[in-house]
Every structure is written in structure tokens, then in C-alpha cells.
Amino acid sequence: MNEKLTMAQALNRALRDAMAADGTVSVFGEDVGRLGGVFRITDGLTAEFGEARCFDTPLAEAGIVGVAVGMAMNGMRPVVEMQFDAFAYPAFEQITSHVAKMRNRTRGQVALPMVIRVPYAGGIGGVEHHSDSSEAYFAHTPGLHVLTPSDPADAYGLLRAAIASDDPVVFLEPKKLYFGADEVDLDLPVAPIGRAVVRRPGTDATLIAYGPSVPVALDAAAAASAEGRSLQVVDVRSLQPFDDETVCRAVRSTGRAVVVAEAPGFVSVASEIAARVTERCWDALVAPVRRVTGLDIPYPPPKLEHLHLPDVDRVLDAVDDLRWETV
């Protein structure tokens, strides 16, 4: 069954379908009940499922995650919302010390099937605390799965998979993509965690991106095509676990790679991807792997964020530097 949905609507539908299918799934966070969330991702869930399963909490992120830990330890599947990316930092101790470690701490006896939804990244004219790319903090922590969709179909499928997972998932939602619409086949099998996908085929170079940077990579590939250059685009989707197989197969097919991500480049997920590709594809590469990232600065004011975020021109400049003269 195909429906045209925005990413926000697809996420809402995923929560609704998961709650209807499983009575242990509950949703809570700041303003998620009566208001339906800042971005309306939880709109209508309280009316449909009642205040016992979709409810507002105090402004206390550590408490929100702590409550979810207790619920998950006792057979529930909580889904909590951090209102904005940097608002998750007060809960960081709970996430890294307890959410991530509980299964290992109990030698596999206690799993934590819970999802921490985080609207993240920039491009909406927000300021600091409202536009952070915080993926490296979570992906660096063993014990967490870290996912980020790039379109409505993936948003629906990946969130359903995250809720069904017996391991804790940090689910990063690109805010600037919330209101872009596309066709979603709700009958397709739920997308597996840990698999990347090729969004666009190409033969000359591979662009590796995730979340909010995937549309930038696709736009760059379209622009390059108009100039006669064929760029492949890989959407990582799952930052942890990471799909080395799909990414490396794609890079080996072209021999050139550029990683595109919004977060500052120093000690970043983009750095890790570039290192993994270099280690595994060294014999196939004809040029060093390039990165196009946000600048190594605090998130800038809204009027300057276009200078901070990767754009088509910066991606194409990096592609131009991939030693084409060796061909």
C-alpha cells in the first residue's frame, strides 16, 4: 500500500503502527502528548492510545531516559523523544553508563529494547543546542545502535526496526528533511538494521553520505552527470553497526570516494568511514579518500549556517581533487 508521506508523517505512522501492534510500546517525552511534539511526530497518539501510553514528562532528560531504562528492564518497549539534539546531553550519563552497558553488565541477562529519538543536525535556521550533529558521541559508545534515515520510506522502516530491536537504538532524525514528501510502501518488509543502500548508481566516484547529507550528495551527483561525470551515492543509514561490505563494494567499483557529512570533521563519523575505506580498499583506490564536512566550529548563527554545511559546490570541488589525471 503506497502513500505519499512527509518524513514527519512517516515517523508518526511508524509509532502508531508499532503501538497498535504491540501493547508494550509506549511513547513519552517533553510536549509529546497534547501538543504532539515540537515537530508533530507524536501528533494524535495520546488521543488514540491514551495518556498511559503517550504522555508528557517534566523537562528532565536524564529522568526521561532513566524511566525508560527501568521500563525496558521490566518488559516494556519505551520510545522517548529528546526535543532537540543537544537537549540529549543532560541524559548522556544515563545513555552511556546504563543504556549502552546493561546487556554487557548483566552478561546478556538483561536487554534494553528502547529507542531514543533525537531530532538532529542543521539547516532549519536554528541556533546552538538546536542544530547539533551529535552522531559521533553515540556511535563511539559500544552497546548502542545508531540509525539515521534520509527519506520518508526509510524513516518508517528503520523506526519500526528500531522499536522491534532488543538492543537500545539512538534514532537520529534530520530536522531539515521532516517535511519533504515521498511515496512510502507501508507493506514492504521492515528495513534491517546495519545495512547501507546504493541510492544512485555511478562509475567514476562514490559519494558516501547519511541522514541530512544524502540529498546533498544526490544533488551533487545530478550536477556532475550534467557535466559528464558519473557519481555513485551510498546512503549509510546505520552508523552503528556499520555496513563495511556494501560501502567497500561500492568504493571498489569506482576507485574514488568522498564522504559527505554535516558534523565537524575532526574525530568524526566521516573520519571513521574514510579510515575504514582506506584500510579495506587501499589496493583499489586511485586517490586518497576525501571528506566534505561541517567546519570545526560551534554551530553558527542562522544567517551563516549555509557556509558551515556541506553543499553541492564543496562536494564537486572534492570530487575534482580525486586525481583524474591518472586515468
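In this predicted model, the buried residues of helix α7 are Pro152, Asp154, Ala155, Tyr156, Gly157, Leu158, Leu159, Arg160, Ala161, Ala162 and Ile163. The helix is thus mostly covered, with 11 of its 13 residues buried. The points below continue with this helix and then turn to helix pairs and loops.

**Helix α7**
- Helix α7 covers residues 152-164, and because 13 residues at 1.5 Å a residue should span 18 Å, the distance of 18 Å between its end C-alpha atoms agrees with that expectation.
- Where α7 starts, Asp151 places a side-chain oxygen within 3.3 Å of the backbone nitrogen of Ala153.

**Helices α9 and α10**
- Helix α9, formed by residues 244-254, packs against helix α10, formed by residues 269-281, at an angle of about 65°, and their axes are 10 Å apart.
- That angle makes α9 roughly perpendicular to α10, because angles of 65 to 115 degrees count as such.
- The crossing in which α9 passes α10 is right-handed, and the residues in contact are Asp244, Val247, Cys248, Val251 and Arg252 on α9, with Arg276, Val277, Arg280 and Cys281 on α10.

**Helices α8 and α12**
- The axes of α8 and helix α12, the latter made of residues 312-320, come within 9 Å and cross at roughly 60°, and the two helices are therefore oblique to each other.
- This crossing of α8 and α12 is right-handed, with contact made by Val216, Asp219, Ala220, Ala223 and Ala224 of α8 and by Val312, Val315 and Leu316 of α12.

- Ser213 has its place in the loop between β10 (205-209) and α8 (214-226), and Ser213 counts as buried because its relative accessibility is 2%, the cut-off for buried being under 20%.
- Leaving aside residues up to four places away in sequence, Ser213 touches Val260, Ala261 and Glu262.

**Backbone features in loops**
- Gln240 and Pro241 are joined by a cis peptide bond, for which omega is about 0°, and Pro241 is found in the loop between β12 (238-240) and α9.
- Ala121, in the loop between β5 (115-120) and α6 (135-139), has a phi near 75°, which is a positive value in a residue other than glycine.
- His129 also lies in the loop between β5 and α6, and the phi of His129 is likewise positive, near 75°.
- Ala121 is buried, with a relative accessible area of 1%, whereas His129 is partly exposed, with a relative accessible area of 39%.

Technical notes:
Residues are numbered from 1 along each chain as its sequence is written. This is a predicted model: local features need pLDDT of at least 70, side-chain atom pairs count only at pLDDT 80 or more; totals for chains, interfaces and linings use all residues. Side-chain values use heavy atoms; hydrogens and water are left out. Helices (H or I, at least four residues) and strands (E, at least two) are DSSP runs, numbered from the N terminus. The expected span of a helix is 1.5 Å times one less than its number of residues. Buried means under 20% relative accessible area, exposed over 50%, partly exposed in between (1.4 Å probe, protein chains only). A polar contact is a pair of N or O atoms within 3.5 Å; within protein, one must be able to donate a hydrogen and the other to accept it, and residues adjacent in sequence count only if both atoms are side-chain atoms. Axes are lines fitted to C-alpha atoms, for helices over the stretch in contact, and angles run from 0 to 180 degrees between N-to-C directions. Angles under 35 degrees count as roughly parallel, over 145 as roughly antiparallel, 65 to 115 as roughly perpendicular and the rest as oblique. A crossing is left-handed if the near helix is turned anticlockwise from the far one by less than a right angle, and right-handed if clockwise. Contact means heavy atoms within 4.5 Å.
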